[in-house]
Amino acid sequence: MSLKLSILDQSAAASGRGQDATIRQTLALAQQAEAWGYHRFWVSEHHSHPSIVGSAPEVLMAAIAARTQRIRLGSAGVMLPHYSALKVAEQFRVLDALAPGRIDLGVGRAPGSDGRTAQLLNPDRNASERFPQQVMELQAWVNGQNLPANHPGHNVYAYPQSDTAPAVWMLGSSDYGAQLAGHLGLPYAFAYFITDGQGADEALQIYRDTFRPSASLQKPAATVCVWALAAETDEEALRLFESRARWKLDRNQGRIGPLLPPESAAREYSPAEQLALARLRDSALIGSAATLGHKLRQLAARLQVDELVVITWTHDPAAQMRSYELLAQEFALAANC
């Protein structure tokens with residue numbers, strides 16, 4: 001079976017470019033992704049984040065739906081504790097009406113923000129404790145099912161109803177999401193890029209071991225989201241990676257901002273940072289299309305997944321576009337559509 005590739009675009013801010021242009025670049029990338037043969041295009045949710053300006057995936061998805069015909073569209077994800085499960089179900093039922101059978105509703109428990117911002121979004125500090133209950137309510141409303149008679153939402157439905165429904169996905173970067181996805185019989189996406197791969201094998205095994213078939217899914221279905229970058233040569237990929245490397249080292253010291261151009265990303269690094277930088281470069285999923293393709297195939301085989309979701313940050317949008325185009329060519333995605 002050929003390996004499917006998908007995209008998660010986080011609308012990463014870049015110095016010298018307006019944040020509105022960043023959002024429009026996400027739309028342009030989605031259209032190209034469909035033409036290149038990518039399987040899905042997902043967008044993320046972050047709040048008050050100087051580096052990631054995609055704050056409303058449901059709005060962005062509507063714009064993408066109007067500009068595409070085939071590619072699946074999704075959230076990766078909606079941070080459910082901020083919201084009413086009913087309202088999220090309504091939003092995604094509308095999206096499914098706009099793009100029937102193409103909508104993925106990925107949900108997560110993390111705030112996607114700092115604690116103060118999360119409280120402004122939802123003053124209930126204990127909201128995340130209700131996450132499993134919210135997911136079950138969301139499943140019912142998304143699929144047009146009636147909640148039990150003793151539930152406040154009994155005989156309440158999310159409209160519009162149709163012959164298709166969004167596919168609910170569980171997102172996670174720990175064992176918690178893996179266990180919940182398995183228990184509820186949901187597809188599962190592990191955020192490999194957040195943990196730099198730590199815990200991926202364990203979480204996927206837990207998911208598969210605890211999976212219980214559901215009405216919407218009869219056997220485990222998992223993917224991992226990885227940060228990766230392709231360029232014409234290994235050397236050029238390493239040069240472009242400097243923007244991401246500088247961002248990661250700054251973030252570790254509490255400095256969060258837009259991506260810098262690779263030629264101005266270098267700064268004075270401490271000995272500890274130099275060691276961390278060397279490790280970043282050695283472990284990064286970067287290289288020419290052939291080099292990166294080999295790394296991605298090895299990773300997918302080790303984790304026993306038939307799909308990878310790729311995130312690529314570059315300061316220059318053209319470099320990001322070219323990276324995804326090179327991967328599409330390497331994996332012959334258009335031929336597999």
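How many residues does the largest nonpolar core have, and which of them have the most contacts inside it?

A: In this predicted model, the largest nonpolar core has 74 residues, and Tyr-38 and Phe-41 are those with the most contacts inside it. The surroundings of Phe-41 can be given in detail. With neighbours within four places in sequence left aside, Phe-41 is in contact with Ile-7, Asp-9, Thr-26, Leu-29, Ala-30 and Ala-33, and also with Ile-64, Ile-71, Arg-72, Leu-73 and Gly-74. Apart from this core there is a second, separate one of 30 residues, with Ile-52, Phe-241, Ala-245 and Leu-249 among them. In soluble globular proteins, nonpolar side chains tend to be buried together.

The strand to examine is E4, which spans residues 103-108 and is mostly covered, with six of its six residues buried. Burial applies to both faces of E4: one side carries Ile-103, Leu-105 and Val-107, while Asp-104, Gly-106 and Gly-108 lie on the other.

E4 is paired with two strands, E3 and E5. Strand E3, residues 72-79, runs parallel to E4 and is joined to it by five bridges; within this pairing, Gly-108 of E4 is the bridge partner of Met-79. The pairing of E4 with strand E5, residues 167-172, is also parallel and consists of four bridges. Here Leu-105 stands opposite Val-168 of E5.

Key:
Residues are numbered from 1 along each chain as its sequence is written. This is a predicted model: local features need pLDDT of at least 70, side-chain atom pairs count only at pLDDT 80 or more; totals for chains, interfaces and linings use all residues. Side-chain values use heavy atoms; hydrogens and water are left out. Buried means under 20% relative accessible area, exposed over 50%, partly exposed in between (1.4 Å probe, protein chains only). Two strands pair if DSSP finds at least two bridges between them. A nonpolar core is a set of buried Ala, Val, Leu, Ile, Met, Phe, Trp, Tyr and Cys residues joined through side-chain atoms within 4.5 Å. Contact means heavy atoms within 4.5 Å.
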